Amino acid sequence: MDATADPPRRSLAFGLERAGFLGLGWPRLTILILILASVLAGFGLARLKVDDSLTELFRTNTEEFRRYQEIDRRFPSSEYDVLAVVEGRDLLKRAQLEAFRRAIVDLQLADGVDGLVSMLSARGKPDESGYAPPIVPDELPDGPEYNEIIAKLRANEIVAGKFLSNDGELALAVLALDRNTVAEAGAKKVIGDINGILDRELKPVGLKSHLTGAPVMQLEIRNAVERDQIVYNGLGLLFGATIAVIFFKRVSLMLLAAMPPVLAVLWSLGLLGWLDFKLNLFLNVMTPLVMVMGFADSMQMVSAIRIRLREGDTKAQAVRFAVRIVGPACVLAHGTALLSFLALLISQSALIRTFGIAGALAVCISFVAVILVLPLMGLYLIRNEYKLARDRSPADRLMDGLGALVGWIVDRVVGRPVLTTALALASFLVLGQAYLQLEPRYRLADQVPDREQALGATQQIDQKLTGANPVHVMVEWKDGQSLYDPTTLEVIAKAHEILERQAGLGNVWSLESLRRWLREAGDERIETVQRYVKVLPEHLVRRFIAKEENAVLVTGRLPDVDSSQILPVVEKVDRALDGLRQAHPDYRISVTGLPAIAARNSARMISQLNEALPLCVAFAAVLLGIAFRSPFVALVSLLPGLYPVVVSGAILRWTDGGLEFASVVALLVVFGLAIDSLIHFFNRLSLEERKEPRPDIAIRNARVLVGPAIILTTLVLAFGLGVTVFSDLPSLRMFGFVCGTTLIASLLADLVFLPGIIMLVRKVWRHRVVG
C-alpha cells in the first residue's frame, strides 16, 4: 500500500514537522552535525556541577532576601555550621565526659574548623581579677568534686537546654567551618575528618555521634543527586528499551525508539553544562524527564513506521509517512510541554525559574532529536523491511492484543456516552473538591535525604533541645553610634526578651546573654562587658556582633516543622518588634533567617504555581483549537486535560499530603506530557474522519491505531518518572509519586472518558475535529 493512503490536509503544526525531511535530504551532512553536537555535548556534560544550596529555592529579587544575604555577608553564616550531636545514657560520667573533652580538643585543631562552641565552653563566675574559670577543668576530679562540677554544668543558663539536654543524655557542639578550607579541600573531606575524630574518641566509651547542619545536609544532597542521576536514568532507559523490545520484537526498532531520547538527554545536559547550570533538587529530574518525553513521541513515530512496514511500504515510504502524519502531533506535544515549563517562569523562586528555563531548552532539544534524528536513523537501522512486513511474530500479537483491548473499551463507552460523561463529570467534581482543599506545605526536612545521619540528628535536637533552625533579629544603627551606648544595649535586650518570652523561641543568643551572665556575677558595668567582648574568641563574638560594631544579631532556634506552623511565630515576633521600632526609629530591626523566609514565601510561591495549572490547561486547549482549526477540540480537551491533575491532588489530600514545591512542579510538568496522548489521538481522529462519516467508527479506528502506543508510552513515562519514588530525597519521591499517578489518570481520561465525551458533544454539536 502507498504511504499516501491518508487524505491530504493542512499541517496542524504550521509545517514545522517538515524539519524531519532535512536529514533525509542531506544525510551525510546531518550525521556530521549530529556527531559534532554529541562531542560538544560530552564536553559540556563534564562541566556540570551540583548545586546543594538550601537557600536557592527562596532566592528572590526582594528586600527580604537581600536582608538575609546581608547577614551572610556580615556575620558567620549558619550555612557553614556543623552541629555535632553526642548521645549516651552515661554521657555525664567521668570516662564519657573525658572522652567528649578529648574529642572537642581534637576538633578544635582539625583542618577546616574555624571555631567551636559546646557545653565545655561554659564559664563560672569571674573572680576579683575578672578571670572566669571554665566550669569543666582540664583535669577532672573524682567523687564529690566531680558531682559538683556536673551540677554546675546542668544548672548553667547558657548550657541547660541549649548545649545539654535536661536528661543529661544528649550534648550539642557547634563547629564553624572555615570557608576557604572547605572550598579548597572539599566538604566531603572536612566533614569526613570530623566524623572520624568523633568515632575514634567516643565509640570506645559507648557514646554515639551524628552530624547535621547545612554543610552536612548539602553534602548528603549532593551525594543523593549524583547517585540518583546514575541509578534512575539507567532504570528509566532499561525499562523503555525492554518495553520496545517486547512489543516491537526487533532490536532495530527498539534502537530507533530509544536512541533519539538518549541523544536528547546528552545534548540537553551538555547544553546545561556549557550554560553553567548546576544540578539541584529539581534539575536532577531533568534527565529522566527529557528521556521519557522524547521516548513518548519516538514510540508514536516508530509505531507508525511499523504499521506501514506491515502494510508493505518500503522503509523510506514508512519513515516519510511517520514524519508527515505523526510529526505534526509531535510538534504540538512538545509545544504544550514547552508551555508547562514556561509557566514556571512566573515563580518568584530562582530555583524554579531555572528549572523552567532548563526544561524549555530540553523540550526544544528533544523535538530536534525526535523529528530530525529518528527519520534519518530509520533509513540506516531498518533492514529487510520486506521480511518484516511478512512476519507475524508474537510481538505483533501483543500489539494487536492491545489494539483489541482498546477497541473493546471504546465500543462500550461510545455506546453509552451519557453515562460515561456523567461519570467523568461526577468524579471530576468530587476529586476537584478534594484538590481545592490542598494547602501549601514546606519543610526543610523534605529537601534532605531521610536515610542519612543529618535528618536523624536534627530530629534529636528538635526533641531534646530547642531546635536546629536559626531565626535572626538583626539590629542595625547609623555609623558613629556606639555598640555600648545604653540605648543600643536596651534595644538589644528588648529584642532578646521578645524572642525568648513573647515568641517562645529557645536557645536565644545575643550580647544580652553575656550581660545577663555578668549581672549574675554582680558586675554589669559597660566597661566589664567591653572587656569580655575583647577576650572572648573572635569566632564566637562575630556570631552576634558585626566586625564594624554597627549591627548585632539576636538568634533563636526553632524545630523543623511545616512552614505553616512557623509563620505564626515569625509574624508574632514581627508584631512584637513593632513597638520597639516605633520607640527607637533610628534603629533598623528586621526578622530574617531561612525558616522565616521559607515561612513567608513558600505558601505564596506554591499558590502561584498552583494557580498557573488551570491557566495552562485553558491555554493548551486554545492552542489545540487553533492548531486543529476547531473550537470543538478546544472544548472537549478541557476535562481530560484537567482530570489527571485533580486525581493526583485528591490522592494527596486523602493521604494527608499537601501541595509542596515538588508536587506542584510535577503537576505542571506532567500535564504537558499527559496531554501528549490527547494530541496524538486528535491528530489521528482528524484523518479518520475524512475517510469514515460515522463518528463512532472514526473514533474506534483512531483509538485502535494510536491507543497501543499511548498505553506503552504512558507506562514508560510513569515508570521513567515514577522510579524516583525510591530516591533518598523525599522531594524527589513526592515528584515521582505525583508524576506516576497523574500519568495513569491521564490514561483513564484519554482511553475511557474522552471517546464518550466526544460522542455526547457530537450529538449536540455536529462538528468534525478539523474545521
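This report walks through the predicted model of one protein, from its overall build to single residues.

## Ground rules

The model is predicted, so local features need pLDDT of at least 70 and side-chain atom pairs count only at pLDDT 80 or more, while totals for chains, interfaces and linings use all residues. Residues are numbered from 1 along each chain as its sequence is written, and side-chain values use heavy atoms, with hydrogens and water left out.

## The whole protein

The protein has 28 helices and 10 strands. Helices (H or I, at least four residues) and strands (E, at least two) are DSSP runs, numbered from the N terminus. Along the principal axes, the C-alpha atoms fill a box of roughly 105 × 50 × 45 Å.

Of the 771 residues, 60% count as buried. Buried means under 20% relative accessible area, exposed means over 50%, and partly exposed lies in between (1.4 Å probe, protein chains only). The protein exposes about 30900 Å². Carbon and sulfur atoms supply 59% of that area. Accessible areas come from the Shrake-Rupley method with a 1.4 Å probe; for residues, only the protein chains shown count as cover.

Now take contacts, meaning heavy atoms within 4.5 Å. Among contacts between residues at least 6 apart in sequence, 83% join residues at least 24 apart.

## The largest pocket

Rolling a probe the size of a water molecule over the atoms shows where empty space is left. The search runs on a 1 Å grid over the protein atoms alone. A pocket is an open set of points where a 1.4 Å probe fits, with protein on both sides within 12 Å along at least five of seven lines. Lining residues have an atom within 4 Å of a point.

How much space lies in the largest pocket? About 900 Å³. Here grid points are joined across faces, edges and corners, and a volume is the space filled by probe spheres set on the points.

The largest pocket is lined by 36 residues. L120, S121, A122, R123 and L536 lie nearest its centre. Elements that give two or more residues to this lining are α4 (94–108), β3 (113–117), α19 (511–520), α20 (526–535) and α21 (538–541). α4 gives the most, with four residues.

By class, the lining has 23 nonpolar, nine polar and four charged residues. Ala, Val, Leu, Ile, Met, Phe, Trp, Tyr, Cys and Pro count as nonpolar, Asp, Glu, Lys and Arg as charged, and the others, Gly among them, as polar.

## An aromatic pair

A search of the whole structure finds eight aromatic pairs. One of them joins W517 and Y532: the ring centres are 5.6 Å apart and the planes stand at 80°, so the pair is edge-to-face. W517 lies in helix α19 and Y532 in helix α20, so the pair ties together parts that are 15 residues apart in sequence. Both W517 and Y532 are buried. Rings of Phe, Tyr and Trp (its six-membered ring) pair if their centres lie within 6.5 Å; planes under 30 degrees apart count as stacked, over 60 as edge-to-face and the rest as tilted.

S513 also lies in helix α19. Is S513 buried or exposed? S513 is buried, with a relative accessible area of 12%. Leaving aside neighbours within four places in sequence, S513 is in contact with H496 and V508.

## Helix α3

R67 sits in helix α3 (residues 63–74). R67 counts as buried because its relative accessibility is 10%. Not counting residues up to four places away in sequence, R67 touches M474, E476, R588, S590 and T592.

E63 is found in helix α3 too. E63 is partly exposed, with a relative accessible area of 39%. E63 and P708 are 645 residues apart in sequence and 53 Å apart in space, C-alpha to C-alpha.

## Loop residues

E549 is found in the loop between α21 and β9 (551–558). E549 counts as partly exposed, at 34% relative accessibility. Which residues does E549 touch, not counting residues up to four places away in sequence? They are W477, L483 and Y484. The C-alpha atoms of E549 and F737 are separated by 51 Å, and the two residues are 188 residues apart along the chain.
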